Amino acid sequence: MKIKHYLEKYKISGYQFAKDSGIPQGTIARLVLEKGGGVTLATATKIVAASKGEVRYHDLPHGPKDGGSDG
């Protein structure tokens with residue numbers, strides 16, 4: 001499930017999801033709008049965990065897998 005659909009399904013704001021997951025709000029906004037590059041493996045892991053597996057790794061745009069910053 002795309003992160004946008006997850007937020008809509010549970011009526012969660014991007015701000016709240018960012019706060020709960022520890023991911024910068026700008027990264028969540030970029031993913032919701034489907035703009036920009038991919039996410040790191042570390043960020044993808046946080047998103048999957050925060051969504052309790054409903055947003056899966058392959059639902060996210062892939063970026064560098066070195067654990068670098070998405071910020």
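The questions and answers below go through the labels given to this predicted model and the values behind them.

Q: How do you know how confident the predictor is in the protein?
A: The quantity to read is pLDDT, the predictor's confidence in each residue, from 0 to 100. The mean pLDDT of the protein is 89, and 87% of its residues reach 70 or more. Confidence is highest in helix 1, at 97, and lowest in helix 3 (residues 25-33), at a mean of 94. Where pLDDT is low, the predicted coordinates should not be read in detail.

Q: Why is the pair of Y6 and Y10 called tilted?
A: Rings of Phe, Tyr and Trp (its six-membered ring) pair if their centres lie within 6.5 Å, and planes under 30 degrees apart count as stacked, over 60 as edge-to-face and the rest as tilted. By this rule there are two aromatic pairs. For Y6 and Y10 the centres are 5.0 Å apart and the planes make an angle of 50°, so the pair is tilted. Both residues lie in helix 1 (residues 3-10), four residues apart, about one turn of the helix.

Q: Is Y6 buried or exposed, and how do you know?
A: Buried means under 20% relative accessible area, exposed over 50%, and partly exposed in between (1.4 Å probe, protein chains only). Y6 has a relative accessible area of 7% and is therefore buried, whereas Y10, at 39%, counts as partly exposed.

Q: What makes the pair of Y6 and F17 edge-to-face?
A: The ring centres of Y6 and F17 are 5.8 Å apart and the planes stand at 65°, so the pair is edge-to-face. Y6 lies in helix 1 and F17 in helix 2 (residues 14-21), so this pair ties together parts that are 11 residues apart in sequence.

Q: How do you know whether F17 is buried or exposed?
A: The relative accessible area of F17 is 2%, and F17 is therefore buried. Contact means heavy atoms within 4.5 Å, and, not counting residues up to four places away in sequence, F17 touches I3, Y6, L7, I12, I28, I47, A50 and S51. For A50, the separation from F17 is 33 residues in sequence and 7.7 Å in space, C-alpha to C-alpha.

Q: Why are helix 1 and helix 3 described by the orientation they are given?
A: Axes are lines fitted to C-alpha atoms, for helices over the stretch in contact, and angles run from 0 to 180 degrees between N-to-C directions. Angles under 35 degrees count as roughly parallel, over 145 as roughly antiparallel, 65 to 115 as roughly perpendicular and the rest as oblique. Helix 1 and helix 3 pack at about 100°, with their axes 7 Å apart, and are therefore roughly perpendicular to each other. The contact is made by I3, K4 and L7 of helix 1 and by I28, L31 and V32 of helix 3.

Q: How do you know which classes of residue make the contact of helix 1 with helix 3?
A: Ala, Val, Leu, Ile, Met, Phe, Trp, Tyr, Cys and Pro count as nonpolar, Asp, Glu, Lys and Arg as charged, and the others, Gly among them, as polar. By class, this contact has five nonpolar, no polar and one charged residues.

Q: What makes K11 and S13 fall into their accessibility classes?
A: K11 lies in the loop between helix 1 and helix 2 and, with a relative accessible area of 76%, is therefore exposed. S13 is also placed in the loop between helix 1 and helix 2, but at 37% relative accessibility S13 counts as partly exposed. K11 has a positive phi of about 55° although it is not a glycine.

Technical notes. Residues are numbered from 1 along each chain as its sequence is written. This is a predicted model: local features need pLDDT of at least 70, side-chain atom pairs count only at pLDDT 80 or more; totals for chains, interfaces and linings use all residues. Side-chain values use heavy atoms; hydrogens and water are left out. Helices (H or I, at least four residues) and strands (E, at least two) are DSSP runs, numbered from the N terminus.
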